[in-house]
Amino acid sequence: MTGSLWREARDALLHDRLAMTCAVLLVLLALSAIAGPSLLDYREDQIDWSHVAAPPFEAGGHWLGTDRLGRDLLVRTLYGLRVSLGIALAATLVSLVIGVSWGATAGYCRGRVDALAMRFVDVLYALPQVFFVIILTVVFGRGPLTILAAIGAFGWLTMARIVRGQALALRERDFIEAAVVGGAGTARIITRHVVPNLLGPVIVYATLGLPQAILVESFLSFLGIGVQEPLASLGNLIADGAAEMETAPWMLAVPAACLVLVVFCFNFLGDSLRDALDPGDR
Amino acid sequence: MSALLEARGLTVDFSGRQAIRAVDGVDLTVAPRERLAVVGESGSGKSQLLLACTGLLAANGRAAGSVRFAGRELLGDPRAAAAVRGRGIGFVFQDASGSLTPHRGIGDQLAEVAMSASALTRRSARDEALAMLARVHLPDAGALAARYPHELSGGMRQRVAIALALMARPRLLFADEPTTALDVTVQAGVLALLARLCDELDMALLIVTHDLGVVAALADRIAVMYAGRVVEEAAATALLSRPRHPYTAGLLASVPRLGDRGELATIPGAPPVPGESFRGCRFEPRCPNRAERCSAFDPALARIAVGHVACHFPLTVDGSQ
Amino acid sequence: MTALLDVRDATVTYPRPAAEGGPVMAVNGVSLTVEAGSIVGLVGESGCGKSSLGRAILGLVPLAAGEVRWRDRRIDKLPRASFRPLRRELQLVFQDPTASLDPRMTIAESVAEPLRALVPGLSAAGRDARVEATLGEVGIAGELASRFPHQLSGGQLQRACIARALAVDPAFLVCDEPVSALDVSVQGQIVNLLARIRRERGLGCLFISHNLAVVAHLADHILVMHRGRIVESGSCAEVLTAPRHPYTRTLLESVPEVDPVSARRLIAGRATGPDSAPSSRLTS
């Protein structure tokens, strides 16, 4: 056996063709979202009066058609992907940092620290998320930052619970006791021994949490309390498209297909990651 | 007298990230009423050998070769293997909780096996169960039958597991490290029980273990496994007093004896990990007698006066090379 | 000569509901002493409390009663922070080497870790040198130091664990079943290593095991533990040749025999009747 456990997991993943396809697709989508709009002819807020609500592949260079204001749909979708992905990634990162430190500390320390920490999580869990988001938008106004705060504020809860469970199991293992015998303090044990040994499940749940975040953002934007016009997100694009579903179906189909593709790829990749990191069949 | 169990060229492979050959061409016979012990350390393949014979390998394991029980081929025929499990061949695992369900009473579990094995009524199956509990020397069988496995001590649980294995009156009992998980003061009792049951019930025994003390107490014949192969096989008294293979000699010398002080004998290095590839003799890196021939050619299992040995330079009768 | 370690009437309990009989006494009024440079063997079967005693000595579990004295200073009631400097002198080798090493750290990192906390004066270079020297002392080749635990054999891992315990230059080592998880042909390597280390470093050692034959090889004094109490105590020779307690005699008789004649005689004596000794189990 060569290399560390990470390398073996990477090898397992590289052999999983469907997972690799999803990973490649996601990379391509991300690249298109970042670089695509600058390569295309139209800007995202540019109105083309001569081609209002035009279907795909018609003249005028609009590959995927235009929306009811004559804006190029491909460019807007790519922008929307950029915004949705960006918010989801940032929110997931915030959830990760807060959730892992919270859960690892609660799980390792047990006793009163654990009880307090997890009761706090339970209370937040009980709050209805949409309600909270609405309050936030009232207080801080609508827009991507508010959405990010809303998603991040709830996303860390599940992560904290999962990490706490893992930490509880981990602290019974001999090498933790060995670290105590070796004079390590609580902080060092948590950062050097507990967290690195639960990164596997953390990465899996983060990967599975990303599509969750995208869906929440899309839903909120669809409802009109998320990302606002003229800024595009997959959610408000889908909202616009839904309104024109019967007359201009491509307006719904394009952003919806994009959303489905991204969510599916992340979910599939997350599942394969979980299998690859499972030391079960070594 | 035809053999009860006969394995020829038995090979066990595991697929996965890395292809691993756990058992590499093993021949084994067990005669009726005979007690054969298979001895080996980690990586020797001894447990996989047992599992392969009864079709209990993990999903990614494949057995090849031939295993015949009472003349009937078991490999490649899942129905034959299932028919033989429990009825022709009983199984006792290292940990009794492998055979005992935690949520049912002991009497119920035993009775259930009796009923499925020989179409008994519930009443007669219960009686059989109580009789078997008495046979394995568990006191107060009536009260015990109502208990649950977790209420018993380790030694008692193992006796129940043995009783369970015997309910269908197998002709051959497989035991995989049956006493390893037990306290040392309890082990002797369980070993004595196994010996007596084999006599009373006309049963053969194939016991797999790393513990030479167990082997010395029970076995008629011993097969020593190393890295998936049988390296020596002989009658128990002969093998234990005059081992021919350097590994066997090393193993015997490594057992600490009461009253000895000073350096413990040991075999340098470590047993190979399954999946390692070899050139020449597998034991060569650790062998005190190794020569050039040993790293180039793999010794085959050759017949000698008292059994078989796979070594280019087997130890002679007085223990020297 | 004052003993290095002096345990007096130590009692360790584990909670259990009153309905089932109240707290379990894992260790019940145990006293023992260990001098510098001597090995004391603690023998008993599973559940007799020997591991609990080892952990209590190292401050990992609290004492319900009694004292533990180190160099004539009471240490059992010390808060965790005050105990830390003591860890430089009192170290532990665990039973299962695969479980007692962090799978995500290399061998060198694991061995260096106690040095970071307990010998803060060492520079990074000093730490590396000490790690290398200690690994060499236990017979681990240099190239294995950068490997991960799953790449080493059981025997190599246990050597690494011993190196980790020795790196801080302790005066006392508690070895909790250090060879029980290893193959028979490898056990001797570790036992011989411990004997050599004791000779070369003059450590005191408490060797805990269920295997009387192994303990008898190493120990100067032997204590036999049964159901939380010490039932026999004496020099190695005394305990082996003239045991006084019936449980000790049972243990001696149960030592595996490799000679078939004696082995069969041994089990013939157990042919009838249930398990010979009452269950030693205390903690469920």
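Where chain C meets chain A, 21 residues of chain C and 17 residues of chain A make up the contact. Two residues count as touching if their C-beta atoms, placed from the backbone, lie within 7 Å. This is a predicted model, where local features need pLDDT of at least 70, side-chain atom pairs count only at pLDDT 80 or more, and totals for chains, interfaces and linings use all residues. Residues are numbered from 1 along each chain as its sequence is written, while chains are lettered from A and ligands numbered from 1 in the order in which they are written.

On the chain C side, strand E6 (90-93) and helix H3 (107-118) each bring at least two residues, and H3(C) gives the largest share, 4 residues. Helices (H or I, at least four residues) and strands (E, at least two) are DSSP runs, numbered from the N terminus.

Chain C itself splits into domain 1 (1-89 + 170-284) and domain 2 (102-169), with bounds from an automatic or database domain assignment. Their centres, taken over C-alpha atoms, sit 27 Å apart. Still, 13 residues of domain 1 of chain C are in contact with 13 residues of domain 2 of chain C. Helix H6 (residues 184-201) of chain C gives the most to the domain 1 side, 5 residues.

As for chain B, its mean pLDDT (the predictor's confidence in each residue, from 0 to 100) is 88.
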